[in-house]
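Please open the structure in a viewer and keep the sequence panel beside it.

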Amino acid sequence: MIQRPRGTRDFTPEEMGARRYYESMMRSVAVSHGFREVQTPIFEHTELFTTKSGPGIVEEMYAFKDKGDREICLRPELTASVIRFFVNDLTNYPRPLKMFYFGQCFRYERPQAGRYREFFQFGAEIIGSATPEMDAEMIGLAAAILERTGLKDYKIRVGHIGVLKGMLAQAGVSGDTALPILQKLDKKMYEEAEPLMKAAGMSADSIEKIIATTKVTGPLSVLDTYGGEAGEYLKEVFAILAQFGFRNVEVDLGVVRGLAYYTGIVFEVDAPKLGAEKQICGGGSYSLSELFGGEKVFSTGFAIGFDRTLLAIEKEGQTAPKLLVDAYVIPVNDKTRMKAYEVAALLRRNGISCDLDIMRRNMGKNFKYADAIGARRTIIVGEKELESGCVNVRDMSSGEQKMVPIESLVQHLKG
Ligand code: ATP
Ligand code: MG
């Protein structure tokens, strides 16, 4: 038996029903916030991602040479693609340019619960200028999407890269020296961050202060003591979010997202019930377009880990409504078979989901099948009823049966 590749999944009809249900929910929330969908290729030039994240990223990607000797990779995320698309073709669009996407990503990671080699992201980007409004709009969209899914136990933690960057700069550390320190601090790997800070010439006192700052979490008031200028900016973002009515938001100055292109706010969402792989969303404001040969513009965006979000929803005991057919059409014998096809087509054409016997089974087996697929009703097409232009409609849960003229069948089923 041939098996699927490691770290990939197949989805059953039931799983796909739930996945599409939440996917279209997310789409409609994004559209209701004035975002429009874009799509980019699943494979890109490897250079796109090494330019964004450094050469090390190749280790984490499905990267290969194609038949024309080009360095190609399966995309590990979509932000780089969307910004490349912007630089290539969308610079004349009115700004702010608000876009969202949904699609699969590929990473060569060690598979475990909530971590796959093929997974899906729902994300959004705004290209415009760096304002608290733009950031609040972005965090607000992530919050609105999660709220709409019905997920209850999650926390949106918002920080500002400027807080730690500012403290490091004050201690004389910036640029390429600061970056690895920020990366360790992001992962709360203090034992590795400390020697780096010492080597950069920082005093024990300023090292201690920085480490303490990465542990600052809580309500907006924590910014009265920490944060400085970046903290003031965060306050403005939070004020707008409060007007939007979001409450699951708190300050976390330890959110750093250690990549060079982040410029301002950074945020993450955790669903604690997921355990180790609990981060369901990451985002922030950044400037990338100039790395891809475009003008410098400020953007802000996020990516929701679609699979983990669904796992979290499931863990809370929520299930998506099942997609069942409204009607299953059964001809009682070969003489009514052709008429049954006509009835099925009539229902389908009128937007009633409808299935029919295509296996030439007897009545008993057809009923069993209708039951197994969860059909709400069966439409029994019998010779005698047809003489008066009627069929029998049977409600599968109550067992009640009624003769209905074909003429008014659509109306009857919709009513
Ligand atoms: P992690 O630290 O969990 O690896 P990340 O920082 O690599 O996350 P991002 O690149 O910010 O994640 O991607 C956004 C979201 O995509 C994550 O918050 C997570 O929910 C999801 N995600 C990332 N990698 C995977 C994966 N291998 N499988 C499933 N979901 C993933
Ligand atoms: Mg990762």
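**The second largest pocket**

Begin by selecting helix H1, which gives the lining of the second largest pocket its largest share, seven residues. The model on display is a predicted one. Helix H1 spans residues 13-32, and helix H10 (306-315) likewise supplies at least two residues of this lining.

Next, display the pocket itself, which holds about 610 Å³ of space. Its lining comprises 23 residues, and those closest to the pocket centre are Glu-14, Glu-15, Ala-18, Arg-19 and Glu-314. Colour the lining by residue class: 13 residues are nonpolar, three are polar and seven are charged.

Now centre the view on ligand 1 and show the 14 residues around the ligand; Arg-107, Glu-109, Tyr-116, Arg-257 and Gln-279 come nearest. Which classes of residue make up the shell around ligand 1? The shell divides into five nonpolar, four polar and five charged residues.

- Gln-121: here a polar side-chain atom is placed 3.1 Å from an oxygen atom of the ligand.
- Gln-279: in this case a backbone N or O atom is found 2.7 Å from an oxygen atom of ligand 1.

Strand E11 provides the largest share of the shell, namely three residues.

**Two loops with backbone features**

Move to the loop between helix H3 (79-90) and strand E5 (97-106), where Pro-96 lies. Is the peptide bond that joins Arg-95 and Pro-96 cis or trans? The bond is cis, with omega at about 5 degrees.

Proceed to Lys-188, in the loop between helix H6 (175-186) and helix H7 (190-199). The feature to inspect is phi, which is near 60 degrees in Lys-188, a positive value in a residue other than glycine.

**The domain arrangement**

Finally, zoom out to the whole chain and colour it by domain. The domain assignment places residues 13-315 in domain 1 and residues 327-414 in domain 2. How many Å separate the centres of domain 1 and domain 2? Taken over C-alpha atoms, the two centres are 52 Å apart.

Note on methods:
Residues numbered from 1 in each chain as written. Chains lettered and ligands numbered in written order. Predicted model: local features only at pLDDT ≥ 70, side-chain atom pairs only at ≥ 80, totals over all residues. Heavy atoms only, no water. Near = heavy atom within 4 Å. Polar contact = N/O pair within 3.5 Å; in protein donor to acceptor, adjacent residues only side chain to side chain. Helix = DSSP H or I, 4+ residues; strand = E, 2+ residues; numbered from the N terminus. Nonpolar A, V, L, I, M, F, W, Y, C, P; charged D, E, K, R; others polar. 1 Å grid on protein atoms, 1.4 Å probe; cavity = no way out; pocket = protein on both sides within 12 Å on 5 of 7 lines; lining within 4 Å. Points joined across faces, edges and corners; volume = space filled by probe spheres on them. Domains from an automatic or database assignment.
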